[in-house]
Amino acid sequence: MIESLLAEWDGETVIIRFDKATGAWIIIAVHSTQLGPAAGGTRMKYYPNLETALQDALRLAAGMTYKFAIPGIETGGAKAVISTPEDLDTQARSDLLRRYGKLVNQLGGLFYTGPDVGTSSEDMDIIAETGAPYVFCRTPSAGGSGDSGPITALGVFTGIQVTCEHVFGDASLKDRRVLVQGAGSVGATLIDYLYQSDAVVLFSDVEEDAIRHFRDEIGLEFVPAEDVYTTQCDIFAPCALGSVLDTDTIQQLNCKIVAGGANNQLTRSEDANHFLSSGILYAPDYVINAGAAIAIPGMELRGWTRKEAEKRVIDSIQGALREVFELADQKDITTEAAARLIAERRLAI
Ligand code: PHE
């Protein structure tokens with residue numbers, strides 16, 4: 001129920017607009033502005049109804065608040081979801097993005113946005129036509145910092161090294177079997193980093209082009225969707241959509257580590273308890289995938305160079321994950337609970 005979703009949410013403001021011309025729903029969920037103006041990506045995809053789209057927006061926005069709070073970035077958490085009809089042509093889609101941009105602009109800095117699942121830097125250029133200056137990650141030729149996937153992947157890669165150090169006593173990825181679920185914007189760059197580190201990379205995807213590229217051209221082992229949770233590996237890296245980890249799937253996993261770039265990997269936070277019983281180390285999603293959140297506002301609002309931003313991403317994610325693992329060990333709680341505690345401490349100040 002929409003009423004109960006909103007009533008039970010612990011965030012600040014939700015803006016919902018029905019776009020008559022396309023039949024799309026635009027949802028902007030501002031979870032917290034406590035640390036600064038709120039930011040979050042724009043997720044654009046088909047949802048079966050408004051309720052599921054709203055639920056996704058609310059959970060993703062809360063994740064953004066924790067994502068900024070843990071590394072101490074002075075930005076609040078938000079997310080936009082544009083729930084589109086299944087068949088939207090290019091022109092109608094661009095016009096919808098322009099109307100959405102106007103709404104972002106009208107909010108006057110309450111909400112900054114960037115790319116997420118279903119949107120690209122090129123889309124940010126279109127949104128910025130009406131939404132500037134509140135749009136991150138425009139293409140470099142339009143004056144932006146470009147796609148946020150690669151810097152997120154750098155953070156995920158760094159985080160995977162930290163989890164290896166914790167589990168195996170060695171951060172090296174040489175000969176480690178890593179299964180990357182989703183070879184999209186983050187997953188594809190993560191695969192490159194892993195491949196260059198001599199890891200044995202396996203991947204899963206549903207897009208024909210990605211499968212052809214990574215299986216047939218690069219020669220990686222392809223794992224069909226139905227085998228993704230049971231395939232033996234050292235590290236399982238979810239880099240596709242959320243809600244892939246639940247009671248069932250965690251018990252099927254045949255790995256030592258779960259560490260990937262997707263948002264909202266757990267269907268319910270409590271499901272993290274299953275990691276304790278199965279002896280799997282889980283790197284909480286909003287800690288390990290904070291690369292863009294750390295780097296992009298820094299590069300676009302605070303004048304950091306890409307080199308500086310990359311160094312901050314590496315240092316912040318290393319520091320944050322080590323802190324999470326230490327606290328979890330010390331208190332004998334899940335890494336998810338430990339990350340939440342650290343974020344709540346930062347937000348309480
Ligand atoms: N998809 C990014 C994320 O989830 C959204 C983002 C892009 C946030 C750019 C901030 C800046 O972290």
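Let's start at Ser204: leaving out residues up to four places away in sequence, Ser204 touches Leu179, Val180, Gln181, Gly182, Ala183, Phe222, Val223, Pro224, Ala225 and Val228. Keep in mind that you're looking at a predicted model. Where does Ser204 sit? Its place is in strand S7, which covers residues 200–204. Ser204 has a relative accessibility of 6%, and since buried means under 20%, Ser204 counts as buried.

Val180 belongs to the largest nonpolar core, which has 87 residues. Val180 is among those with the most contacts inside this core, along with Ile28, Tyr100, Ile160, Leu173, Leu190 and Leu194. Which helix gives the most to this core? That's H12 (residues 306–331), with nine residues. Apart from this core lies another one, of 18 residues, and Leu179 is among them, as are Val223, Tyr229 and Ala272.

Now pick out Leu190. Setting aside neighbours within four places in sequence, Leu190 is in contact with Ala153, Val156, Phe157, Ile160, Val180, Ala237 and Cys239.

That brings us to helix H5, residues 149–168. Is H5 largely enclosed or largely open? Of its 20 residues, 14 are buried, so H5 is largely enclosed by the rest of the structure. You can check its length too: at 1.5 Å a residue, H5 should span 28 Å, and its end C-alpha atoms are 28 Å apart, so the two agree.

Key. Residues are numbered from 1 along each chain as its sequence is written. This is a predicted model: local features need pLDDT of at least 70, side-chain atom pairs count only at pLDDT 80 or more; totals for chains, interfaces and linings use all residues. Side-chain values use heavy atoms; hydrogens and water are left out. A nonpolar core is a set of buried Ala, Val, Leu, Ile, Met, Phe, Trp, Tyr and Cys residues joined through side-chain atoms within 4.5 Å. Buried means under 20% relative accessible area, exposed over 50%, partly exposed in between (1.4 Å probe, protein chains only). Helices (H or I, at least four residues) and strands (E, at least two) are DSSP runs, numbered from the N terminus. Contact means heavy atoms within 4.5 Å. The expected span of a helix is 1.5 Å times one less than its number of residues.
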